[in-house]
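Here is a short briefing on one protein. Look at the structure first, then work through the points below.

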Amino acid sequence: MTTATRTVPGMGLWRLPGVYHPQGDTVLLGRALRAEDLRPGADVLDIGTGSGALAVLAARMGARVTATDVSWRAVLTTKANAVRHGQRIRVRHTDLAARLGSRDGFDLVVTNPPYVPAPAGRPPARGASRAWDAGHDGRLVVDRVLAHAPRLLRPGGVLLMVHSGMCGAETTVRKLAGTGMSAEVAERALVPYGPVLTGRLAWLQARGLASQQGGGAQPIEELVVIRAERR
């Protein structure tokens, strides 16, 4: 088990207000991405690109990158960061790559979807919280990505997804296996609660999603990266 505390090294990203700031989950997913043996020109899709941190990283690794987000601010931010870092990235405003399913698919799909359990049953339609709130169990967007993954990937293609341990890593692995993909937890890390989770700690505890902390200890969240391969 590792502790992820730094942003993606050396990224120097610019962001419009309201666009998700790379955090421990971005670091962990970036580490998993760097561990992949991407061939030059491999086709990579970044779903929910946010600031474009992972899209830029994949492009630096020699991939041909398509990045998507439902937020126009995120799309503009990613385009700007691609230029700042001298990388060619195709950026599209779309929901879960619904209109991007190519005939041949992608070699790798990387995604940091909204996964924070929230009192509201539906994800917000607008605002910064759209980048993290995902229904009562945090799986509203996660499960949609899992359903799309097989059609987005070529045979032998890989999905890398990060989410909180509160969402249930075993559930994600089981659902991917149900689509015919092989899946495992590739990375784990512990990070302190940020402002969003801290602000809803009592609600999370009431739902059994966060343990009681004694002695003033700071609550800790487990992050996981799921790696799945299309057979």
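The protein exposes about 10700 Å². Carbon and sulfur atoms supply 51% of that area. Keep in mind that this is a predicted model.

**The whole protein**
- The protein contains 7 helices and 8 strands.
- It has 231 residues, and 49% of them count as buried.
- Take the contacts between residues at least 6 apart in sequence: 72% of these join residues at least 24 apart.

- Helix H1 covers residues 24-34, and helix H2 covers residues 53-60.
- Their axes lie 10 Å apart, at an angle of about 20°.
- Angles under 35 degrees count as roughly parallel, so H1 and H2 are roughly parallel to each other.
- The crossing of H1 and H2 is right-handed.
- On the H1 side, Thr 26, Leu 29, Gly 30, Leu 33 and Arg 34 make the contact.
- On the H2 side, the contact comes from Ala 53, Leu 54, Leu 57 and Ala 58.

**A closer look at His 163**
- His 163 sits in strand E6, which spans residues 153-164.
- Is His 163 buried or exposed? Its relative accessibility is 0%, so His 163 counts as buried.
- Which side chain does the side chain of His 163 join in a polar contact of 2.8 Å? The partner is Thr 172.
- Leave aside the neighbours within four places in sequence, and His 163 still touches several residues, including Tyr 115, Arg 139, Val 142 and Gly 168.
- Glu 222, Leu 223, Val 224 and Ile 226 are also among the contacts of His 163.

Terms used. Residues numbered from 1 in each chain as written. Predicted model: local features only at pLDDT ≥ 70, side-chain atom pairs only at ≥ 80, totals over all residues. Heavy atoms only, no water. Helix = DSSP H or I, 4+ residues; strand = E, 2+ residues; numbered from the N terminus. Buried < 20%, exposed > 50% of the residue type's maximum accessible area, 1.4 Å probe, protein only. Polar contact = N/O pair within 3.5 Å; in protein donor to acceptor, adjacent residues only side chain to side chain. Contact = heavy atoms within 4.5 Å. Areas by Shrake-Rupley, 256 points an atom, 1.4 Å probe, with all protein chains shown as cover. Axes fitted to C-alpha atoms, helices over the stretch in contact; angles between N-to-C directions. Parallel < 35°, antiparallel > 145°, perpendicular 65-115°, else oblique. Left-handed = near helix turned anticlockwise from the far one by under 90°.
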